[in-house]
Amino acid sequence: MSQSCLPWLPSREIFGVHVATLSKSEALDVIVDGLRTSRSMNVAFANANLLMKARRDPLLQRQLDGMLVLNDGVGVDIASRILYGKGFPENLNGSDLTPELLKRLPKQTPVFLYGSRPAVVCRAAEILRQKYQSEICGVCDGYCDNPDVAVDAIKRAHAKVVLVALGNPKQEQWMSEKNSACGVLALGVGGYLDVETGRVNRPPRWLRNLKCEWVFRITQEPSRLWRRYTIEVVYFLAAVVLDRITVSSRWGRLRREL
């Protein structure tokens, strides 16, 4: 079994990925503490889609194992209940946690935005400055073929925090391969910039509290998301059940041998 680079944190292994079992306040404390001690840190939000990709890709598993991985979505919570008999303390998706982090950052912490469309990332910079008084030190859209361009821009801007909005697994791969050169706190925030700019709508909080955000998202982007939230979720949960059966069988054989 592989070990996470943050072994002091409680976690549960799903498809070879160590997903931290933290509340929102605990996760924010870990992230802010990492920034305060000037540690380079990568934060990933693992939903069912990302974990399935990691199951098929050992390299992605290893890349995620070098990050603080937080649970995102009801599918991952169900997987935890199947494998461990209990869910996660809270749902820690990037669209909810990132605004809370921006509020908690020390004043004048330089934040860089990387990813999304050119118009979106520029508009997001304006909104974050106004909404959270964030010190946005630079932007780079996600349509450049050379990832080193973003590295150079981040270093020139003297950023301390980078919000990486490339979608998974591209953003996690970039953080794993390139953040060592940047030495920043990097978060793979997916569609967060689209949410802040209003390009993508989120459901009302009561629907999120019922863990039914996926229903709303399908109605907003049916052509892109219907397969992810239907067929792929079935595959994901079937794979989780198969892992559970495999582990139980191994324990049964071991007990008989002992």
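Tutor: Let's start with Phe 236: its relative accessibility is 0%, so Phe 236 counts as buried (buried is under 20% relative accessible area, exposed is over 50%, and partly exposed lies in between, using a 1.4 Å probe and protein chains only). Before we go on, this is a predicted model, where local features need pLDDT of at least 70 and side-chain atom pairs count only at pLDDT 80 or more, while totals for chains, interfaces and linings use all residues. Residues are numbered from 1 along each chain as its sequence is written, and side-chain values use heavy atoms, with hydrogens and water left out.

Now for the ring partner. Searching the whole structure turns up 2 aromatic pairs; rings of Phe, Tyr and Trp (its six-membered ring) pair if their centres lie within 6.5 Å, and planes under 30 degrees apart are stacked, over 60 edge-to-face, and the rest tilted. Phe 15 and Phe 236 have ring centres 5.6 Å apart and planes at 80°, so this pair is edge-to-face. Phe 15 sits in the loop between strand E1 (11–14) and strand E2 (17–20), and Phe 236 sits in helix H13 (residues 231–257), so the pair ties together parts 221 residues apart in sequence. (Helices are DSSP runs of H or I with at least four residues, strands are E runs of at least two, and both are numbered from the N terminus.) Phe 15 has 7% relative accessibility, so Phe 15 counts as buried.

Phe 15 has another neighbour to look at: Arg 55 lies over its face, 5.2 Å from the ring centre. To count as over a ring, NZ of Lys or CZ of Arg must be within 6 Å of the ring centre and within 35 degrees of the ring normal. You can find this arrangement again at Phe 88, where the charged end of Arg 12 sits over the ring, 5.2 Å from the centre.

Next, have a look at the nonpolar cores (sets of buried Ala, Val, Leu, Ile, Met, Phe, Trp, Tyr and Cys residues joined through side-chain atoms within 4.5 Å). The largest one has 39 residues, and Leu 64, Phe 112, Tyr 114 and Trp 174 touch the most other members. Helix H2 (residues 48–56) contributes the most to this core, with 5 residues. Apart from it there is another core, of 37 residues, including Val 32 and Ile 136.
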